[in-house]
Amino acid sequence: CRTLDVVQVKGKNEAVRIYEPLVEASDSSSQGSYLRELAKRFNEAWDLYYRGDFELALSAFQSIDATRPGGDGPSYVYIKRCEDLVADRPASWTGVFVAKSK
């Protein structure tokens, strides 16, 4: 699986980590191998984002998005976030996305 986000929903004080399952551990097919590699690369890019290294994260997410036919939805979300964060770096960064509405 890959980490999709750490979200603090409206009305809650605690953040929750959200994951996307991609492949079963026993799947040894080429598709299973591809998805495991995708998860590895995405998690590495997400770690850069979470640590606040938005420029490197942006590059990593762009690379992932470019390799998937039709693009990669989660990577696209982070591309847009990283572009915004590079242009307007926050004074403090926790890595938690705070939802403004339900």
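A residue is called buried when its relative accessible area is under 20%, exposed when it is over 50%, and partly exposed in between, using a 1.4 Å probe and protein chains only. Buried residues make up 30% of the 102 residues in the protein chain. This is a predicted model, in which local features need pLDDT of at least 70 and side-chain atom pairs count only at pLDDT 80 or more, while totals for chains, interfaces and linings use all residues. Residues are numbered from 1 along each chain as its sequence is written, and side-chain values use heavy atoms, with hydrogens and water left out.

**Overall layout**

- The protein chain contains three helices and three strands; helices (H or I, at least four residues) and strands (E, at least two) are DSSP runs, numbered from the N terminus.
- In sequence order, the pattern of the protein chain is β-β-α-α-α-β.
- The C-alpha trace of the protein chain spans about 45 × 30 × 20 Å along its principal axes.
- Of the contacts in the protein chain with a separation of 6 or more, 53% are between residues 24 or more positions apart; a contact means heavy atoms within 4.5 Å.

**Surface and charge**

- The protein chain has an accessible surface of about 6500 Å², and carbon and sulfur atoms account for 53% of that surface. Accessible areas come from the Shrake-Rupley method with a 1.4 Å probe, and for residues only the protein chains shown count as cover.
- The protein chain carries 14 positive and 15 negative charges, whose mean positions are 5 Å apart. Lys and Arg count as positive and Asp and Glu as negative, while His and the chain ends are not counted. The place of a charge is taken as NZ of Lys, CZ of Arg, CG of Asp or CD of Glu.

**Nonpolar core**

- A nonpolar core is a set of buried Ala, Val, Leu, Ile, Met, Phe, Trp, Tyr and Cys residues joined through side-chain atoms within 4.5 Å.
- The largest nonpolar core has 19 residues, and Trp46, Tyr49 and Phe61 are those with the most contacts inside it.
- Helix H1 (30-51), helix H2 (54-67) and helix H3 (73-87) are the elements that give two or more residues to this core. H1 provides the largest share of the core, eight residues.
- Apart from neighbours within four places in sequence, Trp46 is in contact with Thr3, Leu4, Asp5, Val6, Arg17, Phe61 and Tyr78.

**Salt bridges**

- A salt bridge is a side-chain nitrogen of Lys or Arg within 4 Å of a carboxyl oxygen of Asp or Glu. By this rule there are seven salt bridges.
- Arg81 and Asp5 form a salt bridge through their side chains (2.7 Å, N to O). Because Arg81 lies in helix H3 and Asp5 in strand E1 (residues 2-8), this pair ties together parts that are 76 residues apart in sequence. Both Arg81 and Asp5 are buried.
- Glu55 and Arg89 also meet in a salt bridge between side chains (3.0 Å, N to O). Glu55 is in helix H2 and Arg89 in the loop between H3 and strand E3 (97-98), so the pair ties together parts that are 34 residues apart in sequence. Glu55 is partly exposed at 41% relative accessibility, and Arg89 is partly exposed at 43%.
- Lys40 forms a salt bridge with Glu44, with the closest N and O atoms 3.2 Å apart. Lys40 and Glu44 both lie in helix H1, four residues apart, about one turn of the helix. Lys40 has a relative accessible area of 45% and Glu44 one of 41%.
- A network of salt bridges links Arg2, Glu20, Arg68 and Asp72.
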